2 protein chains.
Amino acid sequence: MIVVKIGGTTGVNIEAVIRDVATHVSAGQRMIVVHGGSGETNAISEQLGHPARFVTSPSGYTSRYTDRTTLEIFAMVTTGKINTLLVEQLQRLGVNAFGLSGVDGRLMVARRKDAIRIIDPETGKQRMLRDDYTGKIETVNGDLLRMLLDAGYTPVIAPLALSLEGEALNVDADRAAAMVAGAVGASQLILLSNVPGLLRQFPDEGTLIRHIDRDKVEPSLEFAEGRMKKKVLGASEALQLGVGQVIFADGRVDTPVASALAGNGTIID
Amino acid sequence: MIVVKIGGTTGVNIEAVIRDVATHVSAGQRMIVVHGGSGETNAISEQLGHPARFVTSPSGYTSRYTDRTTLEIFAMVTTGKINTLLVEQLQRLGVNAFGLSGVDGRLMVARRKDAIRIIDPETGKQRMLRDDYTGKIETVNGDLLRMLLDAGYTPVIAPLALSLEGEALNVDADRAAAMVAGAVGASQLILLSNVPGLLRQFPDEGTLIRHIDRDKVEPSLEFAEGRMKKKVLGASEALQLGVGQVIFADGRVDTPVASALAGNGTIID
C-alpha cells in the first residue's frame, strides 16, 4: 500500500502525478491519494470577498486562520472542486477513484484547536486566537479505507476532519496523509512538492539530503523551511505509526511516483 | 429502505428534515438522502462573476446551461459545501453520514446531452446548444450503496454523475433520487419541496391531489408547474424501477419525513 500526498503548490505537475498513480493502480498497486488545496482556497476566498488570513505560532509554524466562513469556503474548494476534479481525471484513466473527506463516515476525527497561541503580526506579542476551525487528527477510520480498497476503489482524500463534537475542521494535508498511511499500514508515504526533497540549504537544490535515518527525523527539522516543517513532522508521525518509508519527492517531474520509488528524493527509513 | 430528496428550494426547513432523518435512522430505518443545490450555485456563480444561465426545451422544461466553468462551480457548491454541511449536521446528531457524488466510485453514470435543443430566448426559435455538461443518468451503482449501508453509513448524495467518457456532469437531483431509489429497491421515495404536494391548480394549496394511481402518473404531468414536472417524471421512473411508493411532500413542516410517511402529501402507488 502506497499513500501519495499531492501538494496544491504551484509547480507540481498534477497531471503527471495522476497519470503515474493510474499506471501504478492499473499494475495492481493499492494506493490512496491525499491532497491539499490552500492555494486555490486563497484565490476563491479572495473572489468571494473573504480573503485568507494566516497566523504564525510562537514556534514558527504558519497556518490558515479558519473562521466559519473560511471553513465553508475551504470545504467547498478542497472537497467540491479539487477532489472532484482529481477523481474525474483518475476515472478518465480507468481508475475507479472514490473521493471523500474526513467528515464522511468519520474518516478522520480531530481535536479542535479552539484556542491557538499566535504571534500578533502588529505588536509581535503572543496572544490567543479563538473561533478557529482547525484541528489535529487523532484517529483515522482504517476499516473504511480497507473496505473501499477491498471493493476495488482508490480513495482520494480531502483535508477535512470531524471534531469530537461533530464540527467540520480544516486539517493539515501532510499530517493527514501521515495519519492515513499509519492507519492502513502503508509501506510507503510519498510527499510530493515543488522541491526535490529536504534541502540542507534551502532553496539550493544541490544540497538535497538523500537519506535520513528514522531515528534522526526530529533533528532534521532545523533544515526545514515553511511548509516543509509540517512534512517533517508528518514523516516522524508516520514512521512512529509503523509506515515503512517516507519519501519527500519532486512533484514536477514526468513520473513523480515512479521516480520517488526509484530512490529520488529524501528517503527516511 | 427510504430515499429522501431535499430540495434546495427556499422555504424547505433543512434543519427539520435533517433532524427527522436522524430520528428515523436512530430508530433503525435505512435511509439515503439526495440533495440539490441550484439556488446556492446561482448565488455563488454570481459572486464569482459567472452568473447562471437557464435554457428552456421545446417541450417546456427549464434547465441550467452548464458550461465547464459552471460545472466546476456546481461541483464545488453541491459536493463541497451543501453535501459537507448536511453530513456535518447528521454527524452532530449521531448519524454516521457519508457524503458522495455520482463521480465517486462511478456511483451514477450518465449519458451526456452534448447537444440539446432549446428555445432561443431572443428569437423564440429552436436551436441546438453544445458544450453543455448535463447528463441523464443511465445506471446507479447499487452495490456501492448497499456496501455503505451494510457497514452502518447513511449515504448523502450530491447530483453529479460521470459520463460514459469519464466527464463529471450536472444531473437533475429529483431524477437522481428516483434512479437511486430504484437501484436499492426502496419502499418509499419522498420528494420534499416548498409545496404540500402536486396541486391541481398551482399555487392554490387547497387543491392538493392526495393520491395518484401508479398507472396514471403521466397524465398528471398536466398539473405540474416548472420544477414539479421533473418530480413527476422522476416518480414515474422510480415506480417503473420497482419503488413501492413515491410521495411528494411538504418540506416546510416540523417533521417532514414522518408527516410524509403518515400520508400527508401526494401519494403515488
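1. L148(B) is a buried residue, because 23 other C-beta atoms lie within 10 Å; here a residue counts as buried if 20 or more other C-beta atoms lie within 10 Å of its own, as exposed if 12 or fewer do, and as partly exposed in between, with C-beta atoms placed from the backbone. This is a predicted model, in which local features need pLDDT of at least 70 and side-chain atom pairs count only at pLDDT 80 or more, while totals for chains, interfaces and linings use all residues. Residues are numbered from 1 along each chain as its sequence is written, and chains are lettered from A and ligands numbered from 1 in the order in which they are written.

2. L148(B) belongs to helix 4 (residues 142-150) of chain B, where helices (H or I, at least four residues) and strands (E, at least two) are DSSP runs numbered from the N terminus. Leaving aside residues up to four places away in sequence, L148(B) touches F98(B), Y153(B) and P155(B), a contact being two C-beta atoms, placed from the backbone, within 7 Å. F98(B) is 50 residues away from L148(B) in sequence, yet their C-alpha atoms are 8.2 Å apart in space.

3. F98(B) leads on to strand 5 of chain B, whose two faces are both covered, with A97(B), G99(B) and S101(B) buried on one side and F98(B) and L100(B) buried on the other. Five of the five residues of this strand (97-101) are buried, so strand 5 of chain B is largely enclosed by the rest of the structure. Strand 5 of chain B runs parallel to strand 10 (residues 154-158) of chain B and is joined to it by five bridges, and two strands are said to pair if DSSP finds at least two bridges between them. G99(B) has V156(B) as its bridge partner in strand 10 of chain B.

4. In chain A, helix 4 (residues 142-150) has L144(A), L145(A) and L148(A) among its buried residues. These cover an arc of only 95 degrees around the axis, which puts them on the same side of helix 4 of chain A; the arc is that of the directions from the helix axis to the C-beta atoms. On the other side of this helix, D143(A) and D150(A) are exposed. The buried residues of helix 4 of chain A pack against strand 2, strand 5, strand 10 and helix 5 (173-183) of chain A.

5. The sheet of chain A is open, with eight strands in the order 5-10-2-1-13-15-16-14 and mixed pairing. Strand 5 (97-101) and strand 14 (211-212) of chain A stand at the edges with a single partner strand each, so one side of each is left without a neighbour in the sheet. Strand 14 of chain A runs parallel to strand 16 (residues 266-268) of chain A, with two bridges between them, and H211(A) stands opposite I267(A) in strand 16 of chain A.

6. The last point is how the chains meet: the contact takes 31 residues from chain A and 31 residues from chain B. On the side of chain A that touches chain B, the elements giving two or more residues are helix 3 (68-92), strand 5 and strand 11 (160-163) of chain A. Helix 3 of chain A gives the most to that side, with 12 residues.
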